[in-house]
Amino acid sequence: MAYLVLARKYRPQTLEDVLGQDHVTTTLRNAIAGDRVAHAYLFTGARGVGKTSSARILAKALNCVSGPTITPCNTCENCREITDGNSLDVFEIDAASNTGVDHVRDLQDGLRYMPGKSRFKIYIIDEVHMLSTAAFNALLKTLEEPPPHVRFIFATTEPHKIPVTILSRCQRFDFKRLSRARIVERLRHILDTEGVTYDAAALQVLAREAEGSMRDALSLTDQALSFGGGTLDEQTVTNALGIVDRAILNDAVRGILQGDAQQLLEIVEKIYDYGYDVRQFTRNLLEHFRHLLVVKVAQEPGRVVDLPAEDIAELQAQAEGQGSDRLHRLFGGLLKLGDDVGRSAHPRMVLEVGLIRLATLGPLKPVEELLGALRDMAGRRPPIAGGTGGYVPAAAASPLPPPPPPSFPVAAAPQVRPPAPPPPAPPPRGEPEAQRAAEPAALPPTTGSGEDFGAWLHRANSKLAAQLRSAEFRVEGHVLRIRLPKEQGFVMTLLQSTQRGELEAAVRGFLGSAGTAAIELIDRDAAPRAQAAPAAPPPRARRGESEAERNRKREAVDHPAVQQILKVFEGSSIMDVQLLAEPVAPVDEDIH
């Protein structure tokens, strides 16, 4: 006699034999016992979970000689013919090869005839979603009002492809995937019956690879038994199925968690040499890190992770000392790596580089630490326009150390000395109200330093302070010397013409009524700053960009506030600098 595979030999023959579908079997038993059997049923679910087997069992329950009964005898002629698939009154139709409307019309022609020797004519249509739209439409009326001696049972793995008009005419039952525990229990029973020697780890591997399908689990068991000569252990199963054993997987997990890139490269080499599927290895890694994350955050991981207690304890040991944030980052990286490996023509190289990237991920800085650093920055004023390039304390009354003596000869530089300020007079005709409102209120005369003037100007006239953000100030008696970079000659022109009154008002407000301003241009390349800003990559040049625009970008990159932010966010970099239409005044408020 030809060998009968385990999936067929141990196929369920009664409703009690159907595993993990109590919501279906209980409903069917009550319907049969109460004579409430519907004319059409739809069984949906993943492969190998008992849809077609349940359809056959229902057919036997209805057509058994002693039926309708919830326990078909499986010995009468009708039951044996249904089991063997050669009953004259039970038709099993594959919709994948009978998709057209003509096949449905042939089916309808046979509905009018009474069953040959059974109680009902039963049509089991497998993969019913493969029928064409015309075939479904032809079936509608018949399905809604079939002859009393006809029953329909549809099975499909893709119920979303079935028209709602068909769904509304059927009683639908959704079959669930089987848990690993149920699959292991069933495999243990079958192997004990067959007299096969096995170990528990081998059954766990088979159940994991079956992905909730009992039929797949039995098919894989048959394959492993042929490879191992009638015995089953974990090594035999992994070799027979070409999957990575648990030891290699645990080594890879340990290498990622400990940041051991060398070990990960050796593992990938071993996987490649053994001929394992790198895509399957990536999927196994992803599932393992999912379990690690669940075990880390779940109160009762045994209810969420479908694994034995000893495996859960091992996962808890691996997750010890690992933060949930890091495990989440690693899971996200593996999820992307799995997609990259699946699409790549060179999966091994993609896997190697991806694992190295995961192993070398730097630690995350807590948000509280970053916020604390930003609060420290918020406790300081934005950098003064010009000045010494540092930060000015926010408290206006706090004394500042005197600036270092200038390193340039003041008399040698070209100067523009405006005449003595005229007595206060009404503003000239046409002067905008905004400019008059921008003049600071008169303050007591002071003999502060240039840095003091920068801080005061920032509070008194933020617009003017923004224009002078690159200037350097020095107070000499009643004269405020303003040094501008030579590329900002246009600013000097504005201060000597349209904004002359605004500048003089600011100087008088700081130095008193006798205060005057002297403006000059300097070459900063020839006279280096006292405190050079940290080196930063130059901003990317754009086509058609002027020298002045490039200089503004360079100043933005060198700005002390920008450099401080780069220090806080360690490892960050500036990708591009975009210029606004007009300079924006510094914001005098806390940084959030």
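Select Arg-348: at 24% relative accessibility, Arg-348 is partly exposed. Here buried means under 20% relative accessible area, exposed means over 50%, and partly exposed lies in between (1.4 Å probe, protein chains only). This is a predicted model, where local features need pLDDT of at least 70 and side-chain atom pairs count only at pLDDT 80 or more, while totals for chains, interfaces and linings use all residues. Residues are numbered from 1 along each chain as its sequence is written, and side-chain values use heavy atoms, with hydrogens and water left out.

**Stop 1: salt bridges**

Glu-352 and Arg-348 form a salt bridge, with 3.4 Å between the closest N and O atoms. The term means a side-chain nitrogen of Lys or Arg within 4 Å of a carboxyl oxygen of Asp or Glu. Both residues sit in helix 17 (residues 347-359), four residues apart, so about one helical turn separates them. Helices (H or I, at least four residues) and strands (E, at least two) are DSSP runs, numbered from the N terminus. Glu-352 is buried, at 19% relative accessibility.

By this rule, the count is 27 salt bridges. Where does Glu-211 lie, and where is Arg-47? Select both. Their side chains meet in a salt bridge (3.7 Å, N to O). Glu-211 is in the loop between helix 9 and helix 10 (214-228), and Arg-47 is in the loop between strand 1 (40-44) and helix 3 (51-63), so the pair ties together parts 164 residues apart in sequence. Glu-211 is partly exposed at 49%. Arg-47 is also partly exposed, at 34%.

Next, pick Glu-476 and Arg-481. Their salt bridge brings the closest N and O atoms to 2.7 Å. Glu-476 is partly exposed, with a relative accessible area of 27%. Arg-481 is buried, at 7%.

**Stop 2: strands 7 and 8**

Select strand 7 (residues 479-485) and strand 8. They run parallel, joined by seven bridges. Two strands pair if DSSP finds at least two bridges between them. Find Ile-482: opposite it, in strand 8, stands Ile-519. Five of the seven residues of strand 8 (residues 516-522) are buried, so the rest of the structure largely encloses this strand.

**Stop 3: two packed helices**

Select helix 9 (residues 200-210) and helix 11 (residues 234-241). They pack at an angle of about 30 degrees, and their axes are 7 Å apart. Helix 9 is therefore roughly parallel to helix 11; angles under 35 degrees count as roughly parallel, over 145 as roughly antiparallel, 65 to 115 as roughly perpendicular and the rest as oblique. Axes are lines fitted to C-alpha atoms, for helices over the stretch in contact, and angles run from 0 to 180 degrees between N-to-C directions. Ala-201, Ala-202, Val-205, Leu-206 and Glu-209 in helix 9 meet Glu-234, Val-237, Thr-238 and Leu-241 in helix 11. Contact means heavy atoms within 4.5 Å.

**Stop 4**

Which order do the five strands take? They form an open sheet in the order 2-3-4-1-5, with parallel pairing. Strand 2 (90-94) and strand 5 (171-174) are at the edges with a single partner strand each, so one side of each has no neighbour in the sheet. The twist averages 15 degrees from one strand to the next.

Zoom in on strand 1 and strand 4 (residues 150-156), joined by five bridges. Thr-44 has Thr-156 in strand 4 as its bridge partner. Last, select helix 5 (residues 101-111). Helix 5 packs on the sheet and touches strand 2, strand 3 (121-126) and strand 4. Its direction makes about 165 degrees with that of strand 3.
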